[in-house]
Amino acid sequence: MNWKELYNSKLTTIEQAIKSIHDGDGVVMADAAGAPRMTEQALALHAEDYHDVSIYHMLTLGEGETLGTVGYGHFRHLTNFLAPNSREHVWSGNGDYAPAFFKDVARMLGKEIACDVAVLTTTRPNSEGFVSVGVSCDYSIAAAKKARTVIIEANAQMPFTHGDTLLHISEATHIVECDYPLPELQPAPIGPVEQAIGRYCAQLIDDGATLQLGIGAIPDAVLAELKGKHDLAIHTEMFSDGVVDLALSGVINGKRKTVYPGKIVATFVMGTKKLYDFLDNNPMVEMLTVDKANDPYIIGQNDNMVAINSCIEIDLQGQVAAESMGLKQFSGTGGQVDFIRGAAFSRGGKSIIAMPSTAARGKVSRIVPFLQPGAAVTTSRNDIDYVVTEYGIAHLWGRSLRERARSLIAIAHPDFRPMLTEEFLRRFP
């Protein structure tokens, strides 16, 4: 049987495919913009048929139908990263959050994370019978290798990406053809605060640097300030639209990159159709599984690695809370620590925590005397390097507690500096 015959033999409807999910199964779903929409909708529609089914995913775009009340008592979600469509689900006690570094997720599958069924969104097969997992490489291939049953939504609109993304159709149990646009995440507006942060971050980025950054106004503001730089490169967990223009103009070309030279390296992407079109069959983009893309040892082999991340708050010691507000889990650890430690291994490497000085429309300082009670420390004070706000740059690595506090107060919002100074004087008479 050739691969086309095999492919046709596995074609089915989504209603038939989900019948291979049984009570008590652990289902692992692809994440981000690669979340399987048809499976979500079908499971929600037939929720009454299922009991004690666990569903694992990380951040997901789209509606996330099984996260709604229809799934209560039928599906229990487990995640390492909360998104707007999953926060209330976990906060209400109908789902669970498990702390983990993103780099470790793939090897947790089938062990700490039940993986009986893997559900992926892929491209249609190429001429050799391989599909690409497209925009969500991260743990997708590992899930397919470890699961008893593999359900593929072969989406005609999924971009074909290169790297660790290929799965042969012989490894699929059920294939459901579909044709729907990927969920889009529009660029966040860049205001004066983000512009100032972008300018300060750009001062720390030299020609030839390799960058890790995420999504949102601050990463886009940083990228907007790099148009005059030369020979930049990307090795990141994820990227969005902001990278595209710099790559097309040649500012990002990877010429001086020491690992995967000439390649933009990531493990997943999410953004707009402009980004997805840029990705499609683009040999410049190398999608790696998360255990490789986020491995600090591999990251650190890039000279002049610059990791840029953000946080909810940072205390005067330099402890970073990036994922929880007190005991309330807000997002997740993700790859922040993976890349901060990778940058520390890098020759000439730097890591930056970049954030507005305030939150809640200026009512709350992000630089605080103490983290909120119960807050998780994402990045330890031993790992912290640079901190940037719209008021400047604080270099903390290797500095004493007294020097750290003084530097952080200097880049706090002026409205909160008296309060922080009062605490400084109590702590360091």
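I take buried to mean under 20% relative accessible area and exposed to mean over 50%, with partly exposed in between (1.4 Å probe, protein chains only). Helices (H or I, at least four residues) and strands (E, at least two) are DSSP runs, numbered from the N terminus. The model is predicted: local features need pLDDT of at least 70, side-chain atom pairs count only at pLDDT 80 or more, and totals for chains, interfaces and linings use all residues. Residues are numbered from 1 along each chain as its sequence is written, and side-chain values use heavy atoms, with hydrogens and water left out.

Entry: helix H15.
I looked up H15 (residues 417-427) and noted Leu420, Glu423 and Phe424 as buried. Seen down the axis of H15, the buried residues fall within an arc of 105° (taken from the directions from the helix axis to the C-beta atoms), so they line one face of the helix. As background, an α-helix has 3.6 residues a turn, so residues three or four places apart point the same way. On the face of H15 turned away from the buried side I found the exposed residues Pro418, Leu425 and Arg426. Strand S25 (367-368) and helix H14 (401-410) are included in what covers the buried residues of H15; contact here means heavy atoms within 4.5 Å.

Entry: strand S1.
I checked both faces of S1 (residues 26-29), and both are covered. Gly26 and Val28 are buried on one side, Val27 and Met29 on the other. S1 pairs with strand S2 (residues 53-57) in the parallel sense over three bridges; pairing requires that DSSP finds at least two bridges between the strands. I noted Ile55 in S2 as the bridge partner of Val27.

Entry: helix H3 and Glu40.
In H3 I list Thr39, Glu40, Ala42, Leu43 and Ala44 as buried. These buried residues pack against several elements, including S1, S2 and helix H2 (14-17). H3 spans residues 37-45 and holds Glu40.
What does the side chain of Glu40 make a polar contact with? The partner is the side chain of Thr66, at 2.8 Å. A polar contact is a pair of N or O atoms within 3.5 Å; within protein, one must be able to donate a hydrogen and the other to accept it, and residues adjacent in sequence count only if both atoms are side-chain atoms.
Leaving aside neighbours within four places in sequence, I find Glu40 in contact with Met29, Gly64, Glu65 and Thr66.

Entry: Met284.
I placed Met284 in the loop between helix H10 (273-279) and strand S16 (285-287).
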